[in-house]
Amino acid sequence: MATPKTPGTAEAAGATGTAETAGAGAAAGAAGASRALLTGWFTFLHGEVTAGDVLALERVRQVLDRSGIPHDTAWSPGFRPDGPHLEDADPARYTHVVFVCGPLHGPQVAQLHERYPGCVRVAVGVSVIDPGDPAVRGFHHVLPRDAEDARPTADLAAAAPEAPAAPVAGVILTRGQGEYGGRRRHEEVAERVTGWLARTDCARVELDTRLAGGDWRLCATPAQLQSVLARLDVVVTDRLHGLVLALRAGVPALAVDPVAGGAKVTAQARVHRWPALVPAERCTGEELDRWWRWCLTGGRAAARRRRHAFRRAPDRDQGGALARLLRPGTGTGSAAPGTGRVRR
């Protein structure tokens, strides 16, 4: 890339400023020290906020903090309604505008040059696809991660500060089960659970117990699903097998019974003496929070104990009863066909 230092052509990585760029932002600088406004695709109302972009932003914040350079960040109203947003960032307040990460193109980026004409404008960690794009040419300095005729550099996200790991929650929900008729609370439960999850600090992994050989989004075998479950910290579910398979993997399950009065999820929780069960009638944020905390503390050891119990005593189900019924001479015909006698 060419390396002039004034808007109109993009400066390559490592170049320094000149009198022209020093003059930009002079009005703001005359009133006090430098102050940078950090922007990116995470700034625009119709932009996209990705984990990589935000980690790149955190790396830039870290660098500026260490250098003692004050800075603010402009967020998309769609991502952070409480702001601050671009419209709150008065151009007179800033000496520099920094665009962080992502492809450097398009009218939204170009409009930054129009809004902040008196600021030194710098793009960092970006991909330059077309050096002639007005979005690129409007910057005083472009420090690319990749561009034609420029050596690639490491993406900013790679060196972002480490953050505490969040719990990984598998989410297994159903909106079906029409067989329960008027007792169904599935839609209400799913809405409350997913709304609560959206406010909970965790990494959410949507899972399904359905198997399919030709759909890459679904597991093809039970072993594949069990492998996923075993790597989770917790499973949030309103499905019977969501509960059973989580405990089989030694992972605590926060189970919600979506049927009014309780049905098969409640029955399995009782069989396995699993306490983290929330009835549909009491599915509130407070109740979910309570059992979430337990699942991530005492629930871990409790789930491992259930897994060991499954392995030590596998004959707690009706397998033995079925075998006896199928043996010759055991009176399998004693119940009249069509009566559907339920054995206690």
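**Overview**

Strand 1 and strand 2 run parallel and are joined by three bridges. In this pairing, Leu37 has Asp72 of strand 2 as its bridge partner. The model is a predicted one, and the points below describe it by topic.

- The strands form an open sheet of five, in the order 2-1-3-4-5, and their pairing is parallel.
- Strand 2 and strand 5 (141–147) are the edge strands, each pairing on one side only.
- On average, and with direction ignored, neighbouring strands of this sheet are turned by 15 degrees against each other.
- Strand 1 (residues 36–40) and strand 3 run parallel, with five bridges between them; within strand 3, Val100 stands opposite Gly40.
- Strand 3 also runs parallel to strand 4 (residues 120–128), to which seven bridges join it; Gly102 has Val126 of strand 4 as its bridge partner.
- Strand 3 (residues 96–103) is mostly covered, since six of its eight residues are buried.
- Helix 3 (residues 51–67) packs on the sheet and touches strand 1, strand 2, strand 3 and strand 4. The direction of helix 3 makes about 145 degrees with that of strand 3.

- Most residues other than glycine have a negative phi, and most peptide bonds are trans. The residues in the next points depart from these patterns.
- The peptide bond from Gly83 to Pro84 is cis, and its omega is near 5 degrees. Pro84 belongs to the loop between strand 2 (71–73) and strand 3.
- Cys101 is not a glycine, yet its phi is positive, near 70 degrees. Cys101 is part of strand 3 and counts as buried because its relative accessibility is 3%, where buried means under 20%.
- Arg273 likewise has a positive phi, near 50 degrees, in a residue other than glycine. Arg273 sits in the loop between helix 9 and strand 10 (277–279). With a relative accessible area of 69%, Arg273 is exposed, a term that applies over 50%.

**Helix 8 and helix 9**

- Helix 8 (residues 240–248) and helix 9 (residues 264–271) have axes that come within 8 Å and cross at roughly 25 degrees. Angles under 35 degrees count as roughly parallel, and the two helices are therefore roughly parallel to each other.
- Helix 8 contributes Leu240, Leu243 and Val244 to the contact, and helix 9 contributes Lys264, Val265, Gln268 and Ala269.

**Nonpolar cores**

- The largest nonpolar core has 41 residues; Val193, Leu229, Leu254, Val256, Trp274, Leu288 and Trp292 touch the most other members.
- Another core, of 23 residues, lies apart from the largest one. Its members include Leu37, Trp41, Leu104 and Ala147.
- Leu229, from the largest core, is in contact with Ile172, Leu207, Val235, Leu245, Ala246, Ala249 and Val251, leaving aside its neighbours within four places in sequence.

Methods. Residues numbered from 1 in each chain as written. Predicted model: local features only at pLDDT ≥ 70, side-chain atom pairs only at ≥ 80, totals over all residues. Heavy atoms only, no water. Core = buried A, V, L, I, M, F, W, Y, C linked by side-chain atoms within 4.5 Å. Buried < 20%, exposed > 50% of the residue type's maximum accessible area, 1.4 Å probe, protein only. Contact = heavy atoms within 4.5 Å. Axes fitted to C-alpha atoms, helices over the stretch in contact; angles between N-to-C directions. Helix = DSSP H or I, 4+ residues; strand = E, 2+ residues; numbered from the N terminus. Parallel < 35°, antiparallel > 145°, perpendicular 65-115°, else oblique. Pairing = 2+ DSSP bridges.
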